[in-house]
Amino acid sequence: MHPYVIQTIAATRQLELLEEARRRGIVEAARRQASGPDVTVRFARDTDALALDRLAILSERPVPEGRVLVASVRGEVIAAAAVEGGPAVYDPFRRTADAVSEICSEAKALRGRFAWLHLPSRLRTA
């Protein structure tokens, strides 16, 4: 499927979900704080490829390439950033500012270290 079509479908679905949440009065619950001890920061794995694609579509940014750090809450990936730099991708339906700040700080600290560590080609070209 063409990337523009996927992006259009995702944007339409985003609007539908947000409107449904507003009608039900659960917007505040959907935008709960994602920080503190619940957030786990780790390197991305092969199994995170779909989650990274989803975050890239939701945040309208390219999938981070190279060594990628992800922030997850109870196993769900909510944000990701490349160690080498570049824009982070995140879930716009959650308050992920603290998580994004944390992974960007970790990525900056790791730049130049672990140069031998490379991710599988699926995550580098996603």
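Arg42 is buried, at 17% relative accessibility, where buried means under 20% relative accessible area, exposed over 50%, and partly exposed in between, with a 1.4 Å probe and protein chains only. Its side chain meets that of Asp48 in a salt bridge, 2.7 Å from N to O. By salt bridge I mean a side-chain nitrogen of Lys or Arg within 4 Å of a carboxyl oxygen of Asp or Glu. Asp48 is buried too, with a relative accessible area of 5%.

Before I go on, a word on the source. This is a predicted model, in which local features need pLDDT of at least 70 and side-chain atom pairs count only at pLDDT 80 or more, while totals for chains, interfaces and linings use all residues. Residues are numbered from 1 along each chain as its sequence is written, and side-chain values use heavy atoms, with hydrogens and water left out.

Back to the charged pairs. How many salt bridges does the count come to by this rule? The count is five.

One joins Arg54 and Asp91, at 3.5 Å from N to O. This pair links distant parts of the chain: Arg54 is in helix 3, residues 49-59, and Asp91 is in the loop between strand 4 and helix 4, 37 residues apart. Helices here are DSSP runs of H or I with at least four residues, strands are runs of E with at least two, and both are numbered from the N terminus. Arg54 is partly exposed at 36% relative accessibility, whereas Asp91 is buried, with a relative accessible area of 3%.

The other is between Arg13 and Glu16, at 3.4 Å from N to O. Both residues lie in helix 1, residues 3-24, three residues apart, which is about one turn of the helix. An α-helix has 3.6 residues a turn, so residues three or four places apart point the same way. Arg13 is partly exposed, with a relative accessible area of 42%, and Glu16 is partly exposed as well, at 41%.

Now the overall layout. The protein has five helices and four strands. Along the sequence they follow the pattern α-α-β-α-β-β-β-α-α. Of the 126 residues, 36% count as buried. Take contacts, meaning heavy atoms within 4.5 Å, between residues at least 6 apart in sequence: 64% of them join residues at least 24 apart.

Next, helix 4, residues 97-110. The helix has 14 residues and reaches 20 Å from its first C-alpha to its last, close to the 20 Å expected at 1.5 Å a residue. That expected span is 1.5 Å times one less than the number of residues. Which residues of helix 4 are buried? They are Ala99, Val100, Ile103, Ala107 and Leu110. These cover an arc of only 95° around the axis, which puts them on the same side of helix 4; the arc is that of the directions from the helix axis to the C-beta atoms. On the other side of helix 4, Ala97 and Lys108 are exposed. What covers the buried residues includes strand 1 (39-43), strand 2 (68-73), strand 3 (76-82) and strand 4 (89-90).

Two single residues next. Ser72 sits in strand 2 and is buried, at 5% relative accessibility. Leaving out residues up to four places away in sequence, Ser72 touches Asp38, Val39, Thr40, Arg42, Val77 and Ile78. Arg42 in that list is the residue I began with, the salt-bridge partner of Asp48.

Ala44 lies in the loop between strand 1 and helix 3 and is buried, with a relative accessible area of 6%. The C-alpha atoms of Ala44 and Ala80 are separated by 8.3 Å, and the two residues are 36 apart along the chain.

Last, the surface. The accessible surface of the protein comes to about 7600 Å², of which 56% belongs to carbon and sulfur atoms. Areas come from the Shrake-Rupley method with a 1.4 Å probe, and for residues only the protein chains shown count as cover. Met1, Tyr4, Val5, Ile6, Ile9 and Ile57 make a nonpolar surface patch of about 600 Å². Patches are made of residues with over 30% relative accessible area and no salt bridge; like charges are joined within 9 Å, and nonpolar side chains (Val, Leu, Ile, Met, Phe, Trp, Tyr) within 5 Å. Helix 1 gives the most to this nonpolar patch, with four residues. Ile6, in helix 1, is partly exposed at 32% relative accessibility.
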